[in-house]
Amino acid sequence: MNDLLRPSPRKSFIEWRGNVIILSIGKDYDMEKLSEIMALYNSEAIKRATNIIVDIGELTSINVIGLEILLLKEKLANQGPYSVVFCGLKPEIRTIFERLGSEEAFGELVNFNSVDETLDFLRRV
């Protein structure tokens, strides 16, 4: 019975696979996720990562987390075209991102269907 009362460990939405960071963004605003993105933005970890994959398939509107992801993309745009890539970026969200910032400022919004598909692509480039 005590096992049922224990809280389950919170799964971080930031995952490392080799030198690639994978961010899984949910559809709801989450202060912990926002804090982790902001901490990542100013950390040494993004300097060690070759790529950041943003699994954004559940995001249905641009909230504060979406804006932070766009700022992260803008910060890393000069590192290369695949420094930040997306999975599941919906056309309506893509349109909003494009209106919020220019391609010159944050680079092309590279989008794939799944994390595995993205990892396969990044291994080949």
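Analyst: Happy to! Let's begin with burial: buried means under 20% relative accessible area, exposed means over 50%, and partly exposed lies in between, using a 1.4 Å probe and protein chains only. This is a predicted model, in which local features need pLDDT of at least 70, side-chain atom pairs count only at pLDDT 80 or more, and totals for chains, interfaces and linings use all residues. Residues are numbered from 1 along each chain as its sequence is written, and side-chain values use heavy atoms, with hydrogens and water left out.

User: Is Arg94 buried, exposed or partly exposed?

Analyst: With a relative accessible area of 25%, Arg94 is partly exposed. Arg94 sits in helix α5, residues 91-100. Helices (H or I, at least four residues) and strands (E, at least two) are DSSP runs, numbered from the N terminus.

User: Which residues does Arg94 contact, leaving aside its neighbours within four places in sequence?

Analyst: Contact means heavy atoms within 4.5 Å. By that rule, and with neighbours within four places in sequence set aside, Arg94 is in contact with Leu89, Leu109 and Asn111. Arg94 and Leu109 are 15 residues apart along the chain, and 7.5 Å separates their C-alpha atoms.

User: What about Thr118: buried or exposed?

Analyst: Thr118 has a relative accessible area of 0%, so it is buried. Thr118 belongs to helix α7, residues 115-124. Setting aside neighbours within four places in sequence, the contacts of Thr118 are Ile53, Val85, Phe86, Cys87 and Phe112.

User: Now the whole chain, please. How many helices and strands are there?

Analyst: The protein chain has seven helices and five strands. Read from the N terminus, the elements run α-β-β-α-α-β-α-β-α-α-β-α. Of its 125 residues, 39% count as buried. Of the contacts between residues at least 6 apart in sequence, 75% join residues at least 24 apart.

User: How should I read the sheet?

Analyst: Strands of a sheet pair through backbone hydrogen bonds, either parallel or antiparallel. Here two strands pair if DSSP finds at least two bridges between them. The five strands make an open sheet with mixed pairing, in the order β1-β2-β3-β4-β5. β1 (14-17) and β5 (111-112) are at the edges with a single partner strand each, so one side of each has no neighbour in the sheet.

User: In which sense do β1 and β2 pair, parallel or antiparallel?

Analyst: β1 and β2 pair in the antiparallel sense, over four bridges. Two of the pairs to look for are Ile14 with Leu23 in β2 and Glu15 with Ile22 in β2. The two strands form a hairpin with two residues between them, and Gly18 in the turn has a positive phi of about 65°.

User: How many residues of β3 are buried?

Analyst: Four of the five residues of β3 are buried, so this strand is largely enclosed by the rest of the structure. β2 is mostly covered, with four of its five residues buried.

User: Last topic: how do I read helix packing?

Analyst: Axes are lines fitted to C-alpha atoms, for helices over the stretch in contact, and angles run from 0 to 180 degrees between N-to-C directions. Helix α2 (residues 31-41) and helix α4 (residues 64-76) have axes that come within 10 Å and cross at roughly 15°. That makes α2 roughly parallel to α4. Angles under 35 degrees count as roughly parallel, over 145 as roughly antiparallel, 65 to 115 as roughly perpendicular and the rest as oblique.

User: Which residues of α2 and α4 meet?

Analyst: From α2, Lys33, Leu34, Ile37, Met38, Leu40 and Tyr41 meet Val64, Ile65, Glu68, Ile69, Leu71, Leu72 and Lys75 of α4.
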